[in-house]
Amino acid sequence: MLIQENINLKTFNTFNVSAHARYFADIKTPEELLEALSFSQQGSLPFMIIGQGSNLLFKEDYLGLIIELNIKGIELINDDKEHYYIKAQCGENWHDFVQHCLQAGYYGLENLSLIPGTVGAAPVQNIGAYGVELSEFFHELEALEIASGKVIRYCKDDCQLSYRHSIFKGELKDKFVITNVTFKLLKKPKPNLSYPALRDALPNIETDNIDPQLISDTVCEIRRSKLPDPAELGNAGSFFWNPIVSEDDFFALQEKHPDIIAFSYMQQYKLAAAWLIDQAGWKGFREGDVGVHKEHALVLVNYGEATGAELYDLSRRIQLSVKKMFDIDLRPEVRII
Ligand SMILES: Cc1cc2nc3c(=O)[nH]c(=O)nc-3n(C[C@H](O)[C@H](O)[C@H](O)COP(=O)(O)OP(=O)(O)OC[C@H]3O[C@@H](n4cnc5c(N)ncnc54)[C@H](O)[C@@H]3O)c2cc1C
């Protein structure tokens with residue numbers, strides 16, 4: 001394994017911001033992962049695991065070791081009457097994995113097509129899109145405990161998967177490296193068209209008869225038409241979580257702002273953060289090379305040479321103005337380093 005020094009992370013984060021890592025390791029095997037962790041422990045260096053850097057903002061240089069996971073492999077490990085159990089290694093590209101499953105006849109992940117990133121990062125924030133969350137098809141994962149060097153198996157309940165969250169983003173943050181994930185996928189397709197934009201894009205077809213590959217292709221089409229491609233315009237998807245508020249707080253807000261957009265969510269309300277940001281006047285804002293996407297108020301963008309500090313500063317300004325206008329705290333979904 002090669003540990004490189006003073007590496008520019010511009011091509012390792014989808015915001016495309018320049019920030020230097022003191023050390024950088026590209027990891028292709030579990031053995032290399034152990035070597036890299038021992039390198040950081042011996043030098044008392046901080047370290048950080050990354051996949052494809054699609055949920056990160058480097059606001060400054062990183063003075064430790066960045067460990068990029070590229071461990072690959074997909075295998076069918078078991079099946080029962082209705083399911084296939086598929087194990088994928090952490091460095092697999094998420095979208096390629098979804099396509100692999102569809103081609104092999106393992107169904108369920110089609111609505112999650114084209115989400116950037118790796119398989120290993122997917123449970124960290126329980127990725128979700130178009131009416132489906134990873135948790136619905138998650139079976140278990142294996143993770144290396146950094147303190148002990150032991151590999152521990154986590155079942156679904158252990159992972160505490162919830163809206164864009166898991167135990168690995170909470171109390172176990174940076175304590176484990178997820179090395180592989182096993183999914184419980186369907187033998188018989190069960191199309192989910194609960195998301196209105198997806199249903200509208202597939203009119204005149206009975207839900208039960210829709211080919212999962214068609215759902216995947218349609219999701220890709222919608223995503224390409226709506227979201228900026230990080231290869232062309234640096235971004236990390238939604239920058240903030242949609243805030244969740246109690247019913248009482250929602251009704252109080254609705255009285256003041258009758259047009260507020262929200263969705264009921266487990267006896268609470270999930271507010272559309274994009275609407276709040278738009279109302280606060282940020283949609284389409286641009287200053288130098290930082291901005292808020294003109295069609296997506298939730299997507300902060302780097303028009304070219306923006307720095308991580310400038311993007312962070314913009315995110316703080318947005319938070320402050322939303323707080324002032326609605327008394328709502330927007331929390332970043334993106335990890336800021
Ligand atoms: C254009 C765009 C659209 C997006 N759309 C969506 C969407 O629809 N839904 C959604 O949920 N997300 C979305 N995202 C966010 C992003 O794709 C996901 O969060 C993705 O899972 C991040 O994967 P990654 O490999 O890039 O992780 P990184 O950004 O590299 O890392 C994210 C976090 O996970 C940790 N991590 C990464 N790998 C591991 C591992 N193996 N073990 C332990 N910790 C690990 C890192 O330390 C970091 O804290 C979008 C991003 C972009 C750029």
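Trainee: What should I know about the numbering and the model before I start?

Mentor: Residues are numbered from 1 along each chain as its sequence is written. The model is predicted: local features need pLDDT of at least 70, side-chain atom pairs count only at pLDDT 80 or more, and totals for chains, interfaces and linings use all residues.

Trainee: How many helices and strands does the chain have?

Mentor: Helices (H or I, at least four residues) and strands (E, at least two) are DSSP runs, numbered from the N terminus. Here there are eight helices and 20 strands. The radius of gyration is 20 Å, close to the 20 Å that the globule rule gives for 337 residues, so the chain is as compact as a globular protein of that length. That radius is taken over C-alpha atoms, and the rule is 2.2 Å times the number of residues to the power 0.38. The C-alpha trace spans about 55 × 50 × 35 Å along its principal axes.

Trainee: How do I read burial and contacts?

Mentor: Count C-beta atoms, placed from the backbone: a residue with 20 or more others within 10 Å of its own is buried, with 12 or fewer exposed, and in between partly exposed. Of the 337 residues, 41% count as buried. A contact means two C-beta atoms, placed from the backbone, within 7 Å. Among contacts between residues at least 6 apart in sequence, 62% join residues at least 24 apart.

Trainee: Which residues are closest to the ligand?

Mentor: First, the shell: a residue belongs if its C-beta atom, placed from the backbone, lies within 6 Å of the molecule. The ligand has 34 such residues around it, and the closest are Gly51, Gly117, Gly120, Ala121 and Gly237. β3 (47-50), β8 (128-129) and β12 (176-186) are the elements that give two or more residues. The largest share, three residues, is from β3.

Trainee: What is the make-up of that shell by class?

Mentor: Ala, Val, Leu, Ile, Met, Phe, Trp, Tyr, Cys and Pro count as nonpolar, Asp, Glu, Lys and Arg as charged, and the others, Gly among them, as polar. The shell has 19 nonpolar, 13 polar and two charged residues.

Trainee: Where do the domains lie?

Mentor: Bounds come from an automatic or database domain assignment. They give domain 1 (3-69), domain 2 (74-226) and domain 3 (234-336). The contact between domain 1 and domain 3 takes twelve residues from domain 1 and 14 residues from domain 3. The centres of these two domains, over C-alpha atoms, are 29 Å apart.

Trainee: How do I read a sheet?

Mentor: Look for pairs: DSSP must find at least two bridges between two strands. One open, antiparallel sheet has the order β14-β16-β15. β14 (244-245) and β15 (262-265) are at the edges with a single partner strand each, so one side of each has no neighbour in the sheet. β15 pairs with β16 (residues 268-271) over four bridges. Tyr265 stands opposite Gln268 in β16.

Trainee: Which residue has a positive phi in the hairpin of β10 and β11?

Mentor: Gly149, near 75 degrees; five residues lie between the strands. β10 (residues 138-145) and β11 (residues 151-155) are antiparallel, with five bridges.

Trainee: Is Asn126 buried or exposed?

Mentor: Asn126 has 21 C-beta neighbours inside 10 Å, so Asn126 counts as buried. Its phi is positive, about 45 degrees, although Asn126 is not a glycine. Asp174 also has a positive phi, about 65 degrees. With 11 C-beta neighbours inside 10 Å, Asp174 counts as exposed. Asp174 is in the loop between α3 (156-159) and β12.
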